[in-house]
Structure formats: C-alpha cells, structure tokens
Amino acid sequence: MISDCTALIFAGGDSRRMGREKLSLQLGGQSLLQRMLDLTQALFPTVLVSVQHPRDDIDAPQVCDEIPGAGPLAGLCAGLQHATTPWVFAVAADMPYLLPEVIERLAANRAGYQAVVPVIDGQAYPLTAFYAASALPTLRDILARPGKPGLFAALPFLTTCRIDERHLTDIDKDFRSFIDVDTPEDAAKALRHFGN
C-alpha cells in the first residue's frame, strides 16, 4: 500500500477516436474503468475519479474539473485540491495492461521531487505519474494561462524525476503498461488479450 498517496483516475475523456463511450468496454468480465479501480484500490488508501461532470454510472468518489473543458491539467488540479494526502498518482482509466510493479517503481523515486513521470522511447506519460500536493500552486498558475495549456506544458515548471525505460525494463520489458485503449483497433486487441 502506498499510504501517502491518493490515486486519481482520469475518466473524463470524450472517447472521440473510439467512436463510442469506452470506459464500459468489457475486458475479461470487467469494464475498463472497473479494472483500473480494482488495480488502484489495491495500492492506494483512497481513489478518486476525475470527470468533466458528475456521472451516475461510477461507483466511486468523483471530482470535477476546476475549469470545464480545460483537459487533464484541470482534472489534476481538482484532484490535488480534493486529496488529503501529500501525493496523487494520476492515471488514465483506459490503460488495462498497467502493472502494479510499475506504479511501485515510480513511487519509489519521489523523494525530492514534485513529479515522477515515466518516459518511454522519448515520450513522457504524464497520466501515469505521481504529483506532489506542493505542485498545485504552480499547476494552477499554468492552468490560468491563455489557451489550453496541458500537462506536458506544466512539467518543465515542476521539479520532475523522469524515469526512462532503462529503469522499467526488468518489470515490463515490452512496456505494455503504457498502452491505452483509444481506437476500435486497440479495443479489439485488448478483447483478444483478456480472452473475451
């Protein structure tokens, strides 16, 4: 149990590339969202679900974006505001292959940082990352800027530990943990993987 941290599951996307609501996609007898709830509830004392608007179909505490339509950065700010722990683990709901060992490895690298973000093949994954509560004022300042600043824009302003693939290959050699389900093709692969 990572006792000083709250998990924040991002479930507010529009599922545009999927063409239909994807969080209810059944994989191995569980919805995509329920798989992530089960994973995070086993690792964290508290789990919140970040949504654009309250949803009746989610049986977990929900937090709404501070600025509607402003994307994941707004969701992260809302999650950090509501969390009572010094850390938040931000994770997209559509990552069914995420291993608990990957989360634990990231958690072990938090000392002295405001964010711990995995970087696979040069790409940062800010929605499989840890954020300190102390980052909230900086994140809110960035959110208030003109345009629609995202999490990628925020990372350079935080004391960030970037964990590259060299530090993860022993526990997830194919880096499947970082595969999300965005398209019907992704869904078909996931359905085959989980034996549907």
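The model is predicted, so local features need pLDDT of at least 70 and side-chain atom pairs count only at pLDDT 80 or more, while totals for chains, interfaces and linings use all residues. Residues are numbered from 1 along each chain as its sequence is written, and side-chain values use heavy atoms, with hydrogens and water left out.

**View 1. Helix 2 packs against helix 4 (residues 136-143).** Helices (H or I, at least four residues) and strands (E, at least two) are DSSP runs, numbered from the N terminus. The two helices meet at an angle of about 150 degrees, and their axes are 10 Å apart. Axes are lines fitted to C-alpha atoms, for helices over the stretch in contact, and angles run from 0 to 180 degrees between N-to-C directions. Helix 2 brings L73, A74, L76, C77, L80 and Q81 to the contact, and helix 4 brings L136, L139, R140, I142 and L143. Contact means heavy atoms within 4.5 Å. By class, these residues are nine nonpolar, one polar and one charged. Here Ala, Val, Leu, Ile, Met, Phe, Trp, Tyr, Cys and Pro count as nonpolar, Asp, Glu, Lys and Arg as charged, and the others, Gly among them, as polar.

**View 2. Helix 2 is largely enclosed by the rest of the structure.** This is so because eight of its 11 residues are buried. Buried means under 20% relative accessible area, exposed over 50%, and partly exposed in between (1.4 Å probe, protein chains only). The buried residues are L73, A74, G75, L76, C77, A78, G79 and L80. D65 is in the loop between strand 5 (62-64) and helix 2 (72-82). D65 counts as buried because its relative accessibility is 11%. Apart from neighbours within four places in sequence, D65 is in contact with S50, V51, Q52, G71, A74, G75 and A78.

**View 3. Helix 4 has a buried side and a face turned away from that side.** L136, L139, I142 and L143 are buried in helix 4. They lie on the same side of the helix because they cover an arc of only 125 degrees around the axis. The arc is that of the directions from the helix axis to the C-beta atoms. The face turned away from the buried side carries the exposed residues P137 and D141. Helix 2, strand 9 and helix 5 are among the elements that cover the buried residues of helix 4. A154 is found in helix 5 (residues 151-154) and counts as buried at 1% relative accessibility. Not counting residues up to four places away in sequence, A154 touches L73, L139 and I142.

**View 4. Helix 3 (residues 100-107) has the buried residues V102, I103, L106 and A107.** These residues cover an arc of only 140 degrees around the axis, which puts them on the same side of helix 3. They pack against helix 1 (32-41), strand 6 (87-92), strand 7 (115-120), strand 9 (128-132) and strand 10 (160-164). T128 has its place in strand 9 and counts as buried, at 1% relative accessibility. Leaving aside neighbours within four places in sequence, T128 is in contact with F89, A90, M95, L98, L106, P118 and F178.

**View 5. The largest nonpolar core has 67 residues.** A nonpolar core is a set of buried Ala, Val, Leu, Ile, Met, Phe, Trp, Tyr and Cys residues joined through side-chain atoms within 4.5 Å. F44, L76, F89, I103, F130, Y131 and L139 touch the most other members. Strand 6 gives the largest share of this core, six residues. A second, separate core of seven residues includes L27, L32, A187 and A190.

**View 6. T6 lies in strand 1 (residues 5-10).** T6 counts as buried, at 2% relative accessibility. The C-alpha atoms of T6 and V88 are separated by 4.8 Å, although these residues are 82 residues apart along the chain. T6 touches T46, L48, A83, T84, T85, W87, V88 and F89, not counting residues up to four places away in sequence.
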